[in-house]
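The sequence and the structure come first, and the description follows.

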Amino acid sequence: MRTAIVSAMQQELAAVLEILPDEQKQVAGGREFWVGHLHGQEVVAVLSRIGKVAAATTATALVERFGVDRIVFTGVAGGLATGVNRGDVVIADSFLQHDMDASPIFPRYEVPLYGTDSFATQPELTEQLAAAVRRALPGTHVHRGLVVSGDRFVSSSAESRVLQAALPQALAVEMEGAAFAQVCHDYGVPFAAVRTVSDRADDDAHGDFLQFIEQVASRHSAAIVEAFLRP
Ligand code: ADE
């Protein structure tokens, strides 16, 4: 069983790389893939970089080149729904691209030719990830449901309100998850994702995000990954 551990940014993955005892670097598609073990389990850790295209490239390389059996994404997101606050954790049951719009040819948000606007994460893997979060971060407020992705950093209260009104079930917003979910759907590879809320995708998002990724994100990711792979 080979598990991919992915984050978008260095600050989110740094502490995960520190706990891999024997990782070897392999370069593919301009990315560094760290192949090693954690708790005796085979792991491939990689930074996807930011945005849906970078995420899709990374997911495809993980499946085609590294033969991973499952992909787990860990990182940060902006809180959207009421009560999804900084420091909370969001576990995705499904992903939607909030910037997908091929209307009027296809309904708003529908991914053309897939007949759907959202892709589910794998339920068993998601449950394992949720259990790992409970062990790693006891007392943390955990939300579970829809996460939306798009190629924009949402950094104004006005834009956040528009998203909340259009997609009231969306818990949080980020920039990669829906691409991973779609590629994993295409290849039939189980996928799960956890995001710590770094900001509220509002007028304070920029500063909140920068502070959070330096101070909290990596620690959270490493604790969750460690608990997830612990036998
Ligand atoms: N990731 C973390 N915060 C975000 C935001 N406000 N918008 C998009 N992606 C994010």
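Which residues of α2 are buried?

## Helix α2

The model described here is predicted. In helix α2, the buried residues are Lys52, Ala54, Ala55, Thr58, Ala59, Ala61 and Leu62.

Helix α2 covers residues 52-64. Its 13 residues should span 18 Å at 1.5 Å a residue, and its end C-alpha atoms are 18 Å apart, so the two values agree.

## Glycine 51

The loop between β4 (41-47) and α2 holds glycine 51. Glycine 51 has 18 other C-beta atoms within 10 Å. A residue needs 20 or more to be buried and 12 or fewer to be exposed, so glycine 51 is partly exposed.

Not counting residues up to four places away in sequence, glycine 51 touches Asp151, Met175 and Glu176. Valine 84 is 33 residues from glycine 51 along the chain, and the C-alpha atoms of the two are separated by 22 Å.

## The ligand shell

The ligand is surrounded by 14 residues, and the closest are Gly78, Val154, Glu174, Ala201 and Ala205. By class, this shell has nine nonpolar residues, three polar and two charged.

At least two shell residues each come from β5 (70-79), β9 (170-174), β10 (191-199) and α6 (205-229). The largest share belongs to β5, which supplies three residues.

## The nonpolar core

There are 68 residues in the largest nonpolar core. Those that touch the most other members are Ala4, Ile71, Val90, Val133, Val147, Ala172 and Phe180. Helix α6 gives the most to this core, with nine residues.

Alanine 172 has contacts with Ala77, Gly78, Gly79, Leu80, Val84, Val90, Val147, Arg195 and Val197, leaving aside its neighbours within four places in sequence.

## Valine 89

Strand β6 (residues 89-97) is the place of valine 89.

Not counting residues up to four places away in sequence, valine 89 touches Val133, Leu137, Thr140, Val142, Val194 and Thr196. From valine 89 to alanine 77 the separation is 12 residues in sequence and 9.0 Å in space, C-alpha to C-alpha.

## The annotated domain

An unreviewed UniProt entry places the feature "domain: Nucleoside phosphorylase" at residues 3-230. In the model, this span is 36% helix and 30% strand, and its end C-alpha atoms lie 13 Å apart.

How values were computed: Residues numbered from 1 in each chain as written. Predicted model: local features only at pLDDT ≥ 70, side-chain atom pairs only at ≥ 80, totals over all residues. Near = placed C-beta within 6 Å. Helix = DSSP H or I, 4+ residues; strand = E, 2+ residues; numbered from the N terminus. Nonpolar A, V, L, I, M, F, W, Y, C, P; charged D, E, K, R; others polar. Core = buried A, V, L, I, M, F, W, Y, C linked by C-beta atoms within 7 Å. Contact = placed C-beta atoms within 7 Å. Expected span 1.5 Å × (residues − 1). UniProt positions renumbered as here; feature names shortened; annotations may be inferred.
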